[in-house]
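I opened my notebook to look up a few things in this model. Here is what I wrote down as I went along.

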Amino acid sequence: MGRAFEYRKATKLKRWGHMARTFTKIGKQIASAVKTGGPDPENNPHLRAIIANAKRENMPKDNIDRAIKNAMGKDQSDFKEMTYEGYGPHGVAILVDTLTDNTTRTVADVRSIFNKFDGNLGTMGSLAFLFDHRCVFSFKKKEDTDMDELILDLIEYGVEDDYDEDPEEGSITIYGDPKSFGQIQKYLEDKGLEVVGAEFTYIPNNLKDVSAEERETIDKMVERLEEFDDVQNVYTNMKPAEKE
């Protein structure tokens with residue numbers, strides 16, 4: 001399996017956390033997508049992808065429909081995507097993806113956690129060189145799917161030839177250029193492939209070794225950051241713990 005898959009698999013449970021918090025975050029994603037592209041999933045590819053993620057996280061259909069309906073209200077705020085970055089304790093790089101209707105509040109919340117853990121919140125883009133920004137698609141594998149042909153077709157969209165297969169889920173995961181998110185999604189759907197997950201992610205290109213005690217501190221910091229409703233995902237370049 002590829003480096004990206006192993007890292008994402010090791011950190012997935014930490015990133016999504018508590019179910020109720022996950023639903024809240026997905027609800028904000030739905031609201032943002034509806035404001036941008038409308039409430040009809042058939043005509044809004046981004047919304048369609050978020051709904052696929054919601055189903056993967058077992059979000060009830062009523063919750064999804066309610067989030068779409070609420071997003072159409074005139075009193076709903078517009079959300080802005082912001083990524084904050086800096087160093088946590090022990091020199092571990094941290095990226096914090098947020099979706100917020102109040103950047104002043106959000107940056108204050110994020111900075112408070114960095115300060116509490118003796119970290120340093122940096123300027124935007126200062127740590128970009130430590131991570132690869134990717135869009136990620138997972139889809140159900142068909143018996144007649146020719147992966148060599150599929151990857152060849154998608155090379156022009158920056159899709160990597162190192163894909164990952166999950167036999168238990170019966171799914172394939174591919175990684176591509178974030179700017180080509182829409183084109184990749186359209187290709188997969190035109191091929192009749194069921195997309196079960198689509199997202200943007202940051203994958204560290206240089207993992208940092210830490211001790212067990214240092215890992216515990218970083219994990220606590222990540223957990224505190226993820227408690228904020230504005231925070232969507234937290235990424236670090238901390239090397240995942242070895243499997244026992």
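Predicted model: local features only at pLDDT ≥ 70, side-chain atom pairs only at ≥ 80, totals over all residues.

The crossing of α3 past α7 is left-handed.

Which residues meet here? On the α3 side I listed Pro 45, His 46, Arg 48 and Ala 49, and on the α7 side Phe 181, Gln 185 and Glu 189. I sorted the residues of this contact into three nonpolar, two polar and two charged.

**Two residues with positive phi**

I reminded myself that most residues other than glycine have a negative phi. Then I found Asn 58, where phi is near 65°. Asn 58 sits in the loop between α3 and α4.

Is Asn 58 buried or exposed? Asn 58 has a relative accessible area of 58%, so I put it down as exposed.

My next entry is Asp 118, with a positive phi near 60°. Asp 118 belongs to the loop between α5 and β3. Its relative accessibility is 68%, so Asp 118 counts as exposed.

**The chain as a whole**

I counted eight helices and eight strands in the protein chain. Of its 244 residues, 46% count as buried. The chain exposes about 13,200 Å², and carbon and sulfur atoms supply 47% of that area.

Note on methods. Residues numbered from 1 in each chain as written. Heavy atoms only, no water. Left-handed = near helix turned anticlockwise from the far one by under 90°. Helix = DSSP H or I, 4+ residues; strand = E, 2+ residues; numbered from the N terminus. Contact = heavy atoms within 4.5 Å. Nonpolar A, V, L, I, M, F, W, Y, C, P; charged D, E, K, R; others polar. Buried < 20%, exposed > 50% of the residue type's maximum accessible area, 1.4 Å probe, protein only. Areas by Shrake-Rupley, 256 points an atom, 1.4 Å probe, with all protein chains shown as cover.
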